[in-house]
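Subject: Structure handover

Hello,

Here is the structure you will be working with, followed by notes on what was found in it. Please keep it open while you read.

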Amino acid sequence: MLEIALSSDAPWPDQDWDALALRAVRAAIERTPHGELLTSPATVEISVRLASDDEVHTLNKQYRQKDKPTNVLSFPMVQPDLLETIAQNSDDGEVLLGDIILAHGVCVAEAGERGISVEDHAMHLMVHGALHLLGYDHIDDDEAEGMEQIERDALAALGLHDPYLITED
């Protein structure tokens with residue numbers, strides 16, 4: 001069973017972020033070989049934090065040595081090669097998969113640039129963050145293409161746009 005522990009601070013507006021986060025993370029996990037985490041008898045928990053740019057800036061500088069805010073940070077708590085057996089071997093029936101943190105100002109600015117709602121862009125970032133928690137990355141081209149395809153599939157299932165679609169003006 002998947003559980004989302006969501007926290008948000010101003011300036012994030014009141015919204016049913018819990019439901020959006022659950023839909024986004026579920027759509028991401030379903031499209032990976034780790035889909036069985038969703039039906040595991042163990043509770044699989046992901047923390048989603050809707051934070052300020054300042055908070056994300058601090059975390060990005062501390063953990064990634066990048067002195068600026070970024071749209072989303074992910075902090076996995078389980079090594080990808082252990083995901084297959086983790087739910088079966090959980091001592092207390094709970095697995096903490098990791099944390100996803102979104103920066104409000106960056107998310108709002110990017111949504112505006114793309115002409116989409118903040119909610120839709122936040123869902124994309126939650127999908128992206130969930131894939132990082134599962135060990136996906138976009139450092140090299142092959143990995144990036146695979147991760148992007150899973151994102152496209154998850155976003156399509158959510159009825160959202162393809163963020164990687166290149167259009168000619």
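Proline 11 sits in the loop between S1 and H1. The names S and H stand for strands and helices, which are DSSP runs numbered from the N terminus (H or I of at least four residues for helices, E of at least two for strands). The peptide bond that leads from alanine 10 into proline 11 is cis, and its omega is near 15 degrees.

Some notes on the source. This is a predicted model, in which local features need pLDDT of at least 70 and side-chain atom pairs count only at pLDDT 80 or more, while totals for chains, interfaces and linings use all residues. Residues are numbered from 1 along each chain as its sequence is written, and side-chain values use heavy atoms, with hydrogens and water left out.

The chain as a whole

The chain has 6 helices and 4 strands. Following the sequence, their order is β-α-β-α-β-α-β-α-α-α. The C-alpha trace spans about 50 × 35 × 30 Å along its principal axes. For 169 residues, a compact globule would have a radius of gyration near 15 Å, and the 16 Å of the chain agrees with that. This radius is taken over C-alpha atoms, and the globule rule is 2.2 Å times the number of residues to the power 0.38.

Of the 169 residues, 43% are buried. Buried means under 20% relative accessible area, exposed means over 50%, and partly exposed is in between (1.4 Å probe, protein chains only). The chain exposes about 8900 Å², and carbon and sulfur atoms supply 48% of this area. Accessible areas come from the Shrake-Rupley method with a 1.4 Å probe, and for residues only the protein chains shown count as cover.

Contact means heavy atoms within 4.5 Å. Among contacts between residues at least 6 apart in sequence, 69% join residues at least 24 apart.

There are 10 positive and 34 negative charges in the chain, and their mean positions are 4 Å apart. Lys and Arg count as positive, Asp and Glu as negative, and His and the chain ends are not counted. Each charge is placed at NZ of Lys, CZ of Arg, CG of Asp or CD of Glu.

H1 has 14 residues, which at 1.5 Å a residue should span 20 Å; its end C-alpha atoms are 20 Å apart, in agreement. The expected span of a helix is 1.5 Å times one less than its number of residues. Which residues of H1 are buried? They are Trp17, Leu20, Ala21, Ala24, Val25, Ala27, Ala28 and Ile29. Their cover includes strand S1 (2-8), S2, strand S4 (94-103), H5 and helix H6 (141-157).

Glycine 135 follows H5 and has a positive phi, near 100 degrees.

From H1 to S2

Threonine 32 is in the loop between H1 and S2. It is buried, at 8% relative accessible area. Apart from neighbours within four places in sequence, threonine 32 is in contact with Leu131, Leu134, Tyr136 and Ile150.

Serine 40 is found in the loop between helix H1 (17-30) and S2. Its relative accessible area is 9%, so serine 40 is buried. Serine 40 and glycine 93 are 53 residues apart along the chain, and their C-alpha atoms are separated by 9.4 Å.

Threonine 43 belongs to strand S2 (residues 43-51). Is threonine 43 buried or exposed? With 14% relative accessibility, threonine 43 counts as buried. Not counting residues up to four places away in sequence, threonine 43 touches Met1, Glu3, Gly93, Glu94 and Val95.

From H2 to S3

Glutamine 65 lies in the loop between H2 and S3. Its phi is positive, near 55 degrees, in a residue other than glycine. Glutamine 65 is exposed, with a relative accessible area of 62%.

Proline 69 is in the loop between helix H2 (53-64) and strand S3 (72-76). Proline 69 is partly exposed, at 28% relative accessible area. Not counting residues up to four places away in sequence, proline 69 touches Asp53, Val56, His57, Asn60 and Val106.

Regards
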